[in-house]
Number of protein chains: 2
Amino acid sequence: MQKVRTGLRELKKQRTRDALLRAALELFTTQGYEQTTVDEITDAVEVSQRTFFRYFANKEEAALSVQLLAEAQFLAALRERPPEESPFEALNRSVLASWDSIGEAIEAVIPVELHMRTYQLIESTPALLAAHLRHSAELEEEVAQLIAAREGLDVNTDPRPRIAVAAYTGVMRMTGRIWGQGQDLSVDAIRELTVTYLGHIGPALAGNWRNSPAPGVRGA
Amino acid sequence: MQKVRTGLRELKKQRTRDALLRAALELFTTQGYEQTTVDEITDAVEVSQRTFFRYFANKEEAALSVQLLAEAQFLAALRERPPEESPFEALNRSVLASWDSIGEAIEAVIPVELHMRTYQLIESTPALLAAHLRHSAELEEEVAQLIAAREGLDVNTDPRPRIAVAAYTGVMRMTGRIWGQGQDLSVDAIRELTVTYLGHIGPALAGNWRNSPAPGVRGA
DNA sequence: GAGGTTAGTGTCAGCTGCTGACAGTTGACA
DNA sequence: TGTCAACTGTCAGCAGCTGACACTAACCTC
């Protein structure tokens, strides 16, 4: 992420980008995404509007850029899982690992707490949620390719990797949604939810719910 | 959908809305969504731009409105499934039933062929795909509520309905994506894909792929 | 069937997101 | 030190979208 060319120019560039990002997220999370104009952001950083659009393709991208970082980290984690793990094992461990290391990866750019508030903002802002879901769909395909490769399968001839990953990421997204509706914005909260929902994916798909116990979960 | 107040006023209203919709979809599918301006649409129908925005909240809504109709039909079908069917049985039958009856439901508004082209347009246009995914997420929650009600469960205390539905709709979305990348735009094609992928959801989640046969499916 | 009411439309003015073009400035590097 | 390239600012302009208000045509009542 951070260019190491270490010129004074690169430094300043990084600074303005960070400043823009921080100002944007701060404004978004305090007064709302739609209510915040690009002019307000650039005024806060004292650059021109044109500069904003040189760093971010659009307003959305600013709101989602940290999220992208987190997704990249998840992918990286998945790539490093040992191949003898089963697909779901590898996925589970990657998800949890990326939640655990979220702090170090993000803190360099913005406070984790701001990131969590932004996450919730995304879930509650239709335009941002839409864009986020589209990114997730792209991520899904990459994950499917990875999983298929692990198992020595071809995504185009064997539908199972894509199906499994689609089901899995469906549950992950749902977890994020439920978390966003709740009160507890901490990393621990979403981590816990993740464990709960991913852990129950087996029983949920087994059917026959009426005769088996309902695993407890606190309401939204 | 159609107001039955049968005044001359309502009639004209319906006409302009249909004309706007048809013109919009025709232009979108022939020259692209982003490349089509609202002015072009309103020029084709000979109304003012302002009128367009009285019928559709935004450009997106015009592109997605028929899709919404299809989703409503799926929901209606699901509501009418007999309660003794298992969740997945009810879901499967509803999906297939709504594909079968797509013709009659849509044809009143636009040609089915145009609808299919629009569907593919949505899958291949980032902005539309994003909005579509957001709608799907809303639909997902409704479906989860329905399924939970069928089984006499509460969505907030038993995570299984939401998990199952999330996994299921994840696979459904993936099916739409794969279809959109293919050549065959027919209803039959997507129906067949749906059967294939939904049918393999069990084996896919069972794990242990390396030792079991790969169900054949033709590539994208 | 005249007259008032109301729904639907057009016009206009204006904001916001976003882009291309061009000029100015400042760091990099010989 | 001077040249080049990168980054930024300014300006002009388009497209999406909205509020306000005036106008027209369908509706309803007497």
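Confidence comes first, since this is a predicted model. Chain A has an average pLDDT of 89. A score of at least 70 is reached by 94% of its residues.

Now the fold. Chain A contains 11 helices and 0 strands. Along the sequence, the pattern reads α-α-α-α-α-α-α-α-α-α-α. The C-alpha atoms of chain A fill a box of roughly 60 × 40 × 30 Å along the principal axes. The chain has 220 residues, and 53% of them are buried.

Next, look at one residue, A:Glu46. Where does A:Glu46 lie? It sits in the loop between helix H2 (38-45) and helix H3 (49-55) of chain A. Is A:Glu46 buried or exposed? A:Glu46 counts as exposed because its relative accessibility is 71%, and the cut-off for exposed is over 50%.

The backbone at this position also deserves a look. Most residues other than glycine have a negative phi. A:Glu46 is not a glycine, yet its phi is positive, at about 60 degrees.

Turn to chain B. B:Glu46 lies in the loop between helix H2 (38-45) and helix H3 (49-55) of chain B. Phi of B:Glu46 is positive too, near 60 degrees. B:Glu46 counts as exposed because its relative accessibility is 73%.

Definitions and conventions:
Residues numbered from 1 in each chain as written. Chains lettered and ligands numbered in written order. Predicted model: local features only at pLDDT ≥ 70, side-chain atom pairs only at ≥ 80, totals over all residues. Heavy atoms only, no water. Helix = DSSP H or I, 4+ residues; strand = E, 2+ residues; numbered from the N terminus. Buried < 20%, exposed > 50% of the residue type's maximum accessible area, 1.4 Å probe, protein only. pLDDT = per-residue confidence, 0-100.
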